[in-house]
Amino acid sequence: MGSCNTHNPSFLMYALIDCNNFYASCERVFNPKLNDKPIVVLSNNDGCVIARSNEAKALGIKMGEPAFKIKNIIKKNNINAFSTNFALYGDMSQRIMNILSSMIPLIEIYSIDEAFLDLNQHSTTQIYNLCHIIRKKILQGTGIPVSIGVGRTKTLSKIANHISKRKQRYGGVFILNKKDEDLILNEISVSDIWGVGSKLGMFLPSLGINTAKQLKYTNLKFIRSKINIIGEKIVKELRGKSCFDIENLVPSKKSICTSRTFGNMVNDLNDLSSSIAMYATRCAEKLRLQHSYAYLAHVFITTNPFREKTNQYAQSKIIKFPVATNDTSEIIKAILFALEGIYKHGYEYKKAGVILSGIIQRGEVQENLFDSKNRFSNEIIMGTIDKINRKMGQDIVRYAALGYKKKWQLKQQQLSPCYTTRWSELLTINLN
């Protein structure tokens, strides 16, 4: 995160773009009948609520609520429930980020529905007009409404965004001016400050620090001794001194994991193998996307610990590759061999996964004198497969180990079409 910015704070301005109820908004883009209707989006296997529209929030539905507990509420209030459609959400996110990148030179993609913008080259008047232009362009280009908060630091811009989303009179854009900061910060709970987690949110009030304004004027040495240097930086950010720069280069992941809870219990080794092969494929694709290689692979399987009356079993195995690799075929072969060693017949498996670690970059790969693989040729093959699958659709070219019979697939009973990523699911319009 680096040291705090030494430039004159009065000339520094950052914006946070946040999509309003992003998952619900994505569903509404292609189905306008959902406008102003309550919507919830459910997690893998339609288990828990992971997103809610404002209308659903007003009905008292909480984040993380198990779907089976709110069945009656959903039915009584005609709530539209959807399975997670990450193909659609990811594509819509990419479209939004592309629009932002075309307008602002320096952006940081913070999450699937948030991005920080560096607006230090613009005056306050220019920023206000620019933010409204950005909102309009995103709405026209994607149909997704966004809220924008602007402040002298990333922490202050996050607070400004909090206000822009909750107070409609600002029209989706709120600029937190220096002269108004204390007035606003006095209304913000410390638990609502960016970077203050649940534990710190409970600890600070025990020190008599309940609002963002109180934290802003707390002695820095006291904060550093009671919390850590990150706490000190948060205080400096509240004072208008930028300590968290825009990070426009996405750091490579140190480990990559793909795991799933099965929609139905799996007891057959072939079914388990095809799921594990798919997870290995996804991990290898992510590796290549960040131009990385992995030395270690970790495969694990487990039964359902909540079914206390059934026999329980959980096991895992770590594989070390002789040469760091991102070759899907090599990773699948090693992982399936390890799976055969840890699999036990007679158990019903609920979850499995693959983790790749020991990740390094291309120039750091240490060759092996006894390695017989033609790695240059394999990289060309992997690159070709990736290009075809990106253009034609995921797993159009696949390894036989993935199979086609998916007993282990997720429960997604309310899955909407992938309108923007599958030719077969393009929106059709009847002109009659």
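Helices (H or I, at least four residues) and strands (E, at least two) are DSSP runs, numbered from the N terminus. The model is predicted: local features need pLDDT of at least 70, side-chain atom pairs count only at pLDDT 80 or more, and totals for chains, interfaces and linings use all residues. Residues are numbered from 1 along each chain as its sequence is written, and side-chain values use heavy atoms, with hydrogens and water left out.

**Exercise 1. Locate Asn-21 and Asp-36, and state for each whether the residue is buried or exposed.**

Step 1. Asn-21 is placed in the loop between strand S1 (14-19) and helix H1 (22-29). Its phi is positive, about 45°, although Asn-21 is not a glycine.

Step 2. Buried means under 20% relative accessible area, exposed over 50%, and partly exposed in between (1.4 Å probe, protein chains only). Asn-21 has a relative accessible area of 19% and is therefore buried.

Step 3. Asp-36 is placed in the loop between H1 and S2. Asp-36 also is not a glycine, and has a positive phi of about 70°. With a relative accessible area of 64%, Asp-36 is exposed.

**Exercise 2. Describe the surroundings of Ser-43.**

Step 1. Ser-43 is found in the loop between strand S2 (39-42) and strand S3 (49-52).

Step 2. Ser-43 counts as buried because its relative accessibility is 17%.

Step 3. Contact means heavy atoms within 4.5 Å. Not counting residues up to four places away in sequence, Ser-43 touches Cys-48, Ile-50 and Thr-84.

**Exercise 3. Classify the ring pair of Phe-22 and Tyr-23, and name the cluster that holds these residues.**

Step 1. Rings of Phe, Tyr and Trp (its six-membered ring) pair if their centres lie within 6.5 Å; planes under 30 degrees apart count as stacked, over 60 as edge-to-face and the rest as tilted. The structure holds 12 aromatic pairs.

Step 2. Phe-22 and Tyr-23 are 6.0 Å apart, centre to centre, with 50° between the planes, and the pair is tilted.

Step 3. Phe-22 is buried at 3% relative accessibility, and Tyr-23 is buried at 15%.

Step 4. Ring pairs link Phe-22, Tyr-23, Phe-86 and Tyr-89 into a cluster.

**Exercise 4. Determine which residues touch the most other members of the largest nonpolar core, and which elements contribute to this core.**

Step 1. A nonpolar core is a set of buried Ala, Val, Leu, Ile, Met, Phe, Trp, Tyr and Cys residues joined through side-chain atoms within 4.5 Å. The largest such core has 35 residues, of which Leu-272, Ile-276 and Ile-335 touch the most other members.

Step 2. Two or more residues come from each of strand S9 (256-266), helix H12 (269-289), strand S10 (292-303), strand S11 (314-325), helix H13 (328-342) and strand S12 (349-361). H12 gives the most, with 9 residues.

Step 3. Another core lies apart from this one; it has 34 residues, among them Ala-51, Ile-99, Leu-117 and Ile-134.

Step 4. Leaving aside neighbours within four places in sequence, the contacts of Ile-276 include Val-299, Phe-300, Ile-335 and Leu-339.

**Exercise 5. Identify the residue that lies over the face of Phe-116.**

Step 1. A charge sits over a ring if NZ of Lys or CZ of Arg is within 6 Å of the ring centre and within 35 degrees of the ring normal.

Step 2. Lys-154 lies over the face of Phe-116, at 4.7 Å from the ring centre.
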